[in-house]
Amino acid sequence: MKQALPDAAESTMCHWRVKEFLEKLDKQPSKKVLDLNNCALGATDIKELIAILPLLPDLEEIDLSWNDFIGGALQPLTLQFSHTPKLKVLRLNNCGLTAKDVTFLGEALEVISYLEVLDLSWNNNIGGNLSSLTQKLPKGYNLKMLKVTDCNLTMEDGKSLAQLLNRIQSLEELDLSINKNIGHSLKSIAQELKYVSGLKVLNLHRCGLKRDGFQCLDYAFQYLPELKKLDVSCNKEIGGGIQSSAAHLASLNDLEVLNFHQCCITEEDMAVLTQIIPLLSSLQELDLSSNKSVGLSSENLLSRFRFLPKLKSVLLSNCALQQNSFGSLAEAALHLPELKILDLSWNKCVGGNLKLILKALNPEAELQELRLSSCSLGDKDLACLALVIQDGPLVKLQKLDLSYNRHISDQGWATFYQGVGALEQLSELDVSLQPMSCRNCTEWFGELLAALLKLPVLLELDLQGWVLSKRQQKQLESFNWDNGRNIRVDSLPGAQTTELA
């Protein structure tokens, strides 16, 4: 009993030191999680952090992201990792890590045998120095997630990463996005992906992929049967290469997310994707936005969406959809009972034809987000939208974007506001005008105020370009005050955002 007293006192003292440090940063103490993300840690804070780490032997997660002073001071911190043997998650996003920090971290990883998640994103000095980290990881290391987004990785870094893959065969997520030089070493990486057959997420957004790189990637797909998310967006040079290098894409039976946003897809590519995409029976999210050729040759693909009943998100913004392809999409919509997000923005053919898809929505679908920005909508479109809202198919809608539709008259907006009040779950509404445009909203402002009373969870109302008089601004402020609301309103081009409390 006498022996227990000093131990108890020491434990209490340790707990007090940790609690005092965390409360100073407005954080609650936890035995397993140390979250100091964006805490503006200074040199003194880091010294205290170094002192308390040995007092937290049960730590499983450390997040020091968005703290600039971590850069150049990582060595003394990593020396304390030997006291946290249970550590599974380490996040050091945007910490200003130096080349030496990367070396020290590599040495520290040798003693953190249970680490599963390592996120080093937005540290530019990792570029050219990744090998000093990857070479330290022993074969059989249990890493499941590696994220190095926007780290200025070089072709040599890509090769060192490729050599690492056969030593971390448990890897489930690999994020190399926004590293424009990775495309030059993708062949090496793709060849080694066969060692990580349990990979579920592969993010290559804006990585400088070229046609031959995508061809190598397609070859790797046959070894990735569990892949659920593939993002190759914003790689403009793979356009034209998909037609001859997508043979194994159809074998990804578990694929749920496919992102080809802004890939300069050609009509020939679309012909191949039309055959492959409908075979991806698990697909839930498809992004083909900002590919103008989609609209010229997507009629058959869109009609085949009926074979993808699990689709929840369809993004076709800025695809130059034509009348026929839009009609095919409308027909397929009836077969999409799980559709939650639909983006048709910047497709002019929607104007005058919105009723085609609104009336074709599956009765079981609970659409939550509808984006119709710059669709050349007119009064008839908004009148149809108002009627559909009243009938109930859009009752779960949370976000509605009707911005940049300049052909709608004041009466058209008034009709819309008379019906929008039925959307009781709507939290965001955007009816902004095009940049540099300016119109008076007096004709329908009364209908807007009446609608706000019926929208209990609305938080953001974008009215950019609509001129509000001082009296109207005062009315909005009074509305919020009288009804205990806090709607954020953006109005007047270039004007300061008004916070209504």
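This note goes through the predicted model point by point, from the chain as a whole to selected residues.

1. Overall content. The model under review is a predicted one, and its protein chain contains 17 helices and 20 strands. Taken along the principal axes, the C-alpha atoms of the chain fill a box of roughly 80 × 60 × 45 Å. The accessible surface of the protein chain comes to about 22,300 Å², and carbon and sulfur atoms account for 49% of that area.

2. Burial and contacts. Of the 501 residues in the protein chain, 50% are buried. When contacts with a separation of 6 or more are considered, 85% of them are between residues 24 or more positions apart.

3. Parallel strands. Strand β17, residues 460-463, is paired with strand β15, residues 428-430, in the parallel sense, and three bridges connect the two. Strand β17 also runs parallel to strand β19, residues 488-491, to which four bridges join it. Aspartates face one another in both pairings: Asp430 stands opposite Asp462 of β17, and Asp462 in turn stands opposite Asp490 of β19.

4. The nonpolar core. The largest nonpolar core comprises 156 residues, and the residues with the most contacts inside it are Phe260, Phe305 and Phe416. Helix α16, residues 442-452, gives the most to this core, contributing six residues.

5. Surroundings of Phe416. With neighbours within four places in sequence left aside, Phe416 is in contact with Leu382, Leu385, Ala386, Ile389, Leu400, Leu402 and Leu429. One of these, Leu429, falls within the residue range of strand β15, the strand that pairs with β17.

6. Aromatic pairs within helix α15. The structure holds 10 aromatic pairs. In one of them, the ring centres of Trp413 and Phe416 are 6.2 Å apart and the planes stand at 80°, so the pair is classed as edge-to-face. Both residues belong to helix α15, residues 410-420, where they are three residues apart, or about one turn of the helix. Trp413 and Phe416 are both buried.

7. An aromatic pair between distant parts of the chain. Trp413 also pairs with Trp466: the ring centres are 6.2 Å apart and the planes lie at 90°, so this pair too is edge-to-face. The pair links distant parts of the chain, since Trp413 sits in helix α15 and Trp466 in strand β18, residues 466-467, at a separation of 53 residues. Trp413 counts as buried because its relative accessibility is 1%, which is under the 20% cut-off, and Trp466 is likewise buried, with a relative accessible area of 0%. Taken together, ring pairs link Trp413, Phe416, Tyr417, Trp444 and Trp466 into a cluster.

8. At a relative accessibility of 5%, Thr274 counts as buried, because buried means under 20%. Leaving aside neighbours within four places in sequence, the contacts of Thr274 are with Ser297, Asn300, Leu301 and Arg304. By way of a distance across the model, the C-alpha atoms of Thr274 and Asn123 are separated by 39 Å, the two residues being 151 residues apart along the chain.

Technical notes:
Residues numbered from 1 in each chain as written. Predicted model: local features only at pLDDT ≥ 70, side-chain atom pairs only at ≥ 80, totals over all residues. Heavy atoms only, no water. Pairing = 2+ DSSP bridges. Core = buried A, V, L, I, M, F, W, Y, C linked by side-chain atoms within 4.5 Å. Buried < 20%, exposed > 50% of the residue type's maximum accessible area, 1.4 Å probe, protein only. Contact = heavy atoms within 4.5 Å. Phe/Tyr/Trp six-rings, centres within 6.5 Å; stacked < 30°, edge-to-face > 60°. Areas by Shrake-Rupley, 256 points an atom, 1.4 Å probe, with all protein chains shown as cover.
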